[in-house]
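User: I would like to learn how to read a few features of a structure, taking each general idea together with a case. Could we work through one together?

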Amino acid sequence: MSLAGSCVALHLRFLRCCGYCRLAGGDGYPPLLRWLHHAYRYFALALMTAYLLQQCVYAYQEQTDMDKLARVMFLLLCHVTSITKQIVFHVDAERIDEMITGLDDRLYNEVSEKQAQLLSTTCVRAARLVRVYTGTAFITCTLWIVFPILEYANGRPVDFPFWAGIDYNHSSIRFLLVLLYSYYATSLEGIANTTMDAFIATILYQCQTQLKILRMNIEILPDRARAIVKKESNQKYEAVLWKLFIECLTHYKKITSTSKILQDIFGTVILIQFAIGGWTLCMAAYKLVSLNVLSIEFASITLFIMCIFIELLLFCYYGNEVKVESDRLVESLYAMQWLGTPLRFQRSLLVFMERAKQPLRPVAGRIIPLSLETFLTIIKSSYTFYAVLRQTK
């Protein structure tokens, strides 16, 4: 993959191992492997759907017990958002592949040494983000199986937060099977869900980086044209300047296209995430306050709340960064040494500036902007829900 495209390489590897993302068309995989992976993807979707239905049955059975209901609801709501993303990766696989392939475009990768370092930093930070984020989810899921093991070892009855349909407290084999099923389902969902969140955030991060590179190119556009003319005496300054300007304009259109494709594919999913995220935090916090601070379950719920915080913050933070960089584009256009440039170029520059006055503003479902203000609103609403629940207890 190219330098820009490699920023999502680790994400794609995780998602393909989890069965959420299909194998790339041009990677030369044998037909049998493609067929097996295709079957594995549908198996993962069926497994997650079955697990969600089991949680729904458990929630219905325990609707009168607020503690048990809170225990299952924050997991159930999280699984709802995960499955919606998983379905999107099935339904919109073609457009997702198109978006990923677009990162290998020449406009995103023909950069100077300084700009290449900027792209490398983006890739390193994106890989670090997905490792830390998925690692936190994996540790959380692992802690969730430690608690029932300790309970069963001490002879106390274990209650898994989903309907199993069998009595697993009086048979070690049944208990082990239910335990492994629960661990596999939750860890698969946890790793895949966090990776999908990091994937969306990384695409936004790449758009931000590309806007920075575009601004750097624009601010020194006349100087670059003069340097080329000085190096190649047969070139005319106005022709070189115009060519570089067209490249910048095309680069901007490419960034806009990437942002729009991402928004069209995942906009509705992010909107659902925002709508459910507040309730998820509320139910997790409600469960947390009833636990012993030194217990394993308390540590696992705390890590889960951290994951949900990061999930919501990623979309809002990187969406906000794209907007900020896009706002700065007009300043970069004006900061260019445009005095002394041809009149035709100055007129085109004015048109570009007018277009840039409408900055990129990523939104969820064409309604809610991805901004830090939105993040604060979700947190405030979550606390409001929590306060109401505490009063009704």
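User: Is cysteine 316 buried or exposed?

Analyst: Before the answer, please keep in mind that this is a predicted model. Cysteine 316 has a relative accessibility of 0%, so this residue counts as buried.

User: How many disulfides are there, and how should I read that count?

Analyst: A disulfide is a covalent bond between the sulfur atoms of two cysteines. Here, with a pair required to have its sulfur atoms within 2.5 Å, the count comes to zero disulfides. For cysteine 56, the closest cysteine sulfur belongs to cysteine 78 and lies 14 Å away, which is too far for a bond. Cysteine 316 is likewise in no disulfide, the nearest cysteine sulfur being that of cysteine 78 at 16 Å.

User: How do I read the packing of two helices, and at what angle do helix 1 and helix 7 cross?

Analyst: Two packed helices are described by the angle between their axes and the distance between the axes. In this model the axes of helix 1 (residues 9-18) and helix 7 (residues 172-219) come within 9 Å of each other and cross at roughly 150°; the two helices are therefore roughly antiparallel, and their crossing is left-handed. Helix 1 contributes His11, Leu12, Phe14, Leu15 and Cys18 to the contact, while the residues from helix 7 include Leu188, Ile191, Met196 and Phe199. Sorted by class, the residues of this contact are 10 nonpolar, three polar and no charged.

User: Which residues meet where helix 4 packs against helix 9?

Analyst: On the helix 4 side they are Arg95, Ile96, Glu98, Met99 and Gly102, and on the helix 9 side Lys254, Thr258, Ile261, Leu262, Asp264, Ile265 and Phe266. By class, this contact has six nonpolar, two polar and four charged residues. The axes of helix 4 (residues 93-102) and helix 9 (residues 237-288) come within 10 Å and cross at roughly 155°, so that these helices too are roughly antiparallel, with a left-handed crossing.

User: Where is glutamine 86, and what does this residue touch?

Analyst: Glutamine 86 sits in helix 3 (residues 66-91) and, with 0% relative accessibility, counts as buried. Leaving aside residues up to four places away in sequence, glutamine 86 touches Tyr20, Arg41, Ala44, Leu45, Met48 and Met196. Met196 also belongs to the residues by which helix 7 contacts helix 1.

Methods:
Residues are numbered from 1 along each chain as its sequence is written. This is a predicted model: local features need pLDDT of at least 70, side-chain atom pairs count only at pLDDT 80 or more; totals for chains, interfaces and linings use all residues. Side-chain values use heavy atoms; hydrogens and water are left out. Axes are lines fitted to C-alpha atoms, for helices over the stretch in contact, and angles run from 0 to 180 degrees between N-to-C directions. Helices (H or I, at least four residues) and strands (E, at least two) are DSSP runs, numbered from the N terminus. Angles under 35 degrees count as roughly parallel, over 145 as roughly antiparallel, 65 to 115 as roughly perpendicular and the rest as oblique. A crossing is left-handed if the near helix is turned anticlockwise from the far one by less than a right angle, and right-handed if clockwise. Contact means heavy atoms within 4.5 Å. Ala, Val, Leu, Ile, Met, Phe, Trp, Tyr, Cys and Pro count as nonpolar, Asp, Glu, Lys and Arg as charged, and the others, Gly among them, as polar. Buried means under 20% relative accessible area, exposed over 50%, partly exposed in between (1.4 Å probe, protein chains only).
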